[in-house]
Amino acid sequence: MEKAEDKAIAASEDAMTTSENAAAKNSEAAIYSNIAAANEAISKVPAPQLSNNEAKSLYTKLGKTIVDRINVKTAKEAMDKEHAIMEIKNDSADKLQVGKITQTDFNNILKYLADCMAAAASTS
């Protein structure tokens with residue numbers, strides 16, 4: 001009788017482990033599905049109209065950083081990418097002040113950032 005109980009307990013533990021593994025895989029699949037949807041959504045955000053190579057460089061750097069932010073795997077990576085986005089915004093403001101980009105460029109870069117964030121958020 002004890003042997004049957006032990007087997008029943010072992011079977012129950014195996015079933016629980018299998019269930020937990022399946023739940024983890026389902027969660028992982030949902031996460032990657034959300035990441036893919038966010039990436040697709042921001043790919044549809046139109047590039048801003050910019051007046052010079054300096055502004056285009058900022059936009060390119062920002063776009064890459066936004067994609068990197070969406071694809072993070074850890075909270076630390078997310079914080080690092082958020083910091084990088086803030087640095088690009090500050091760099092854009094600095095370049096506006098010294099006349100390397102126009103006010104319109106600056107506004108378009110910030111609008112692009114806002115549009116990307118809104119598009120990514122709309123998928124979750």
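This is a predicted model: local features need pLDDT of at least 70, side-chain atom pairs count only at pLDDT 80 or more; totals for chains, interfaces and linings use all residues.
Reader: Okay, are α3 and α4 roughly parallel or roughly antiparallel?

Author: Helices here are DSSP runs (H or I, at least four residues), numbered from the N terminus. The axes of α3 (residues 75-97) and α4 (residues 103-121) come within 9 Å and cross at roughly 165°; axes are lines fitted to C-alpha atoms over the stretch in contact, and angles run from 0 to 180 degrees between N-to-C directions. Angles under 35 degrees count as roughly parallel, over 145 as roughly antiparallel, 65 to 115 as roughly perpendicular and the rest as oblique. So α3 and α4 are roughly antiparallel.

Reader: Which residues of α4 does α3 meet?

Author: Contact means heavy atoms within 4.5 Å. From α3, the residues involved are Ile85, Lys89, Ser92, Ala93 and Leu96, and they meet Gln103, Phe106, Ile109, Leu110, Leu113 and Met117 in α4.

Reader: Is serine 92 buried or exposed?

Author: Serine 92 sits in helix α3 and touches Leu58, Ile101, Phe106 and Ile109, leaving aside residues up to four places away in sequence. Buried means under 20% relative accessible area, exposed over 50%, and partly exposed in between (1.4 Å probe, protein chains only). With a relative accessible area of 1%, serine 92 is buried.

Reader: And how do α2 and α4 lie, roughly parallel or roughly antiparallel?

Author: Their axes are 10 Å apart and the packing angle is about 15°. That is why α2 and α4 count as roughly parallel.

Reader: How many nonpolar residues are in the contact of α2 with α4?

Author: On the α2 side you'll find Ala55, Leu58, Tyr59, Leu62, Gly63, Ile66 and Ile70, meeting Asp105, Ile109, Tyr112, Leu113, Cys116, Met117 and Ala120 in α4. Ala, Val, Leu, Ile, Met, Phe, Trp, Tyr, Cys and Pro count as nonpolar, Asp, Glu, Lys and Arg as charged, and the others, Gly among them, as polar. The contact has one charged residue, one polar residue, and a nonpolar count of 12.

Reader: What type of aromatic pair do tyrosine 59 and tyrosine 112 form?

Author: Rings of Phe, Tyr and Trp (its six-membered ring) pair if their centres lie within 6.5 Å; planes under 30 degrees apart count as stacked, over 60 as edge-to-face and the rest as tilted. These two tyrosines are 5.0 Å centre to centre with 75° between the planes, which makes the pair edge-to-face.

Reader: How many residues apart in sequence are the parts that this pair ties together?

Author: Tyrosine 59 is partly exposed at 22% relative accessible area, while tyrosine 112 is buried at 9%. Tyrosine 59 lies in α2 (residues 53-70) and tyrosine 112 in α4, so the parts tied together are apart in sequence by 53 residues.

Reader: Last one: what separates the C-alpha atoms of leucine 50 and lysine 3?

Author: Leucine 50 lies in the loop between α1 (2-43) and α2, and at 14% relative accessibility leucine 50 counts as buried. Among the residues leucine 50 touches are Tyr59 and Ile109. Lysine 3 is 47 residues from leucine 50 along the chain, and their C-alpha atoms are separated by 76 Å.

Conventions. Residues are numbered from 1 along each chain as its sequence is written. Side-chain values use heavy atoms; hydrogens and water are left out. Helices (H or I, at least four residues) and strands (E, at least two) are DSSP runs, numbered from the N terminus.
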